[in-house]
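Please look at the sequence and the structure below before reading on.

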Amino acid sequence: MNSYNEPFRLNPRLRLCAEFVRQGSAVADIGTDHAYLPVWLCKMNIAKSALACDIGQEPLQNGKETIKRYNAGEQVKTRLCDGLSGVAPSEADDIVIAGMGGETIVHIINSWRYSNSFGKHFILQPMTKSELLIEYLCKNGYEILAQRCCFDKKIYTVILAEYSGEVKDYPKEFYYLGKLSPCSCAEDKKYIEKEIRNLENKAKGNPNYLQTAQKLRAVCEGAMQ
């Protein structure tokens, strides 16, 4: 049963995204679909305002219906736009980009002229290729502040990052690990084990992937920090 003040229950994937949103922030939810996250954040008094953004008319209409259903129209506005293209810097402190491939998330961040503004938080939930997203962040001046995993029919990871201006280059295995702690967190371990299996499958066609898989397995077994 939902708590008294909770309008509805977010699924674990969106709930984990919500946990990274700062109190009192203005939120932009990119690829909002039904606008569940921005409505929930505003009704729970976590976000002061929110933009529910989507490139498609149909998902945006779904979002409008959610906003109307929960009487959130004063705080949550919809925006038809490609990625962050229609979002002004003053409209978003915390930017959620969830449910897309890592390459698509990279494109959205890289295409927004205000992405390298200090103080903005990016809450990123890649469905695939999280290692490409993490590598992009590190090599383009973003700091990964935190990263966690959750299970929602399958295992997902959520990354919290902000622009620092400091470019970093790490060993290949770091881009798969990020800030996860597979030695101490069962969900993190499950996520890394999935990455290991993917790498081992790729190694059948390209043996270069095997070394990274072996290093990640060593981390999961506690042989490395």
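Which side chains are joined by a polar contact of 2.7 Å? The side chains of E135 and K139 are the pair joined at that distance, where a polar contact is a pair of N or O atoms within 3.5 Å, and within protein one must be able to donate a hydrogen and the other to accept it, while residues adjacent in sequence count only if both atoms are side-chain atoms. This is a predicted model, in which local features need pLDDT of at least 70 and side-chain atom pairs count only at pLDDT 80 or more, whereas totals for chains, interfaces and linings use all residues. Residues are numbered from 1 along each chain as its sequence is written, and side-chain values use heavy atoms, with hydrogens and water left out.

**Around E135**

E135 lies in helix α5; helices (H or I, at least four residues) and strands (E, at least two) are DSSP runs, numbered from the N terminus. E135 has a relative accessible area of 17% and is therefore buried, a word that here means under 20% relative accessible area, with exposed meaning over 50% and partly exposed in between (1.4 Å probe, protein chains only). Leaving aside neighbours within four places in sequence, E135 is in contact (heavy atoms within 4.5 Å) with K172 and Y175.

**The nonpolar cores**

A nonpolar core is a set of buried Ala, Val, Leu, Ile, Met, Phe, Trp, Tyr and Cys residues joined through side-chain atoms within 4.5 Å. The largest one has 30 residues, and those with the most contacts inside it are I30, V87, I95, I97, I109, L124 and L137. Helix α5 (residues 130-139) gives the most to this core, with five residues. Apart from this core lies another, of 29 residues, among them F8, V21, I67 and V76. When residues up to four places away in sequence are not counted, I97 touches I30, I105, I108, I109, I123, L124 and Q125.

**Strands that pair**

Two strands pair if DSSP finds at least two bridges between them, and the table lists two such pairs.

| β1 and β2 | parallel | six bridges | A28 with L51 |

Strand β2 (residues 47-54) is mostly covered, since six of its eight residues are buried. β1, α2 and β2 make a right-handed β-α-β unit, where right-handed means that, with the strands pointing away from the viewer, the path from the first strand over the helix to the second runs clockwise. From β2 the chain crosses through helix α3 (residues 57-69) to β3, and this β-α-β crossover is right-handed.

**Positive phi values**

Most residues other than glycine have a negative phi. D33, although it is not a glycine, has a positive phi of about 60°, and its place is in the loop between β1 (25-30) and α2 (36-43). K129, also a residue other than glycine, has a positive phi near 50° and is found in the loop between β5 (121-126) and α5. D33 is partly exposed, with a relative accessible area of 36%, and K129 is partly exposed, with a relative accessible area of 39%.

**Helix α8**

In helix α8 (residues 208-220), the buried residues are T212, A213, L216, A218, V219 and C220. The buried residues of α8 pack against α6 (172-177) and α7 (186-203). Just after α8, G222 takes a positive phi of about 80°.
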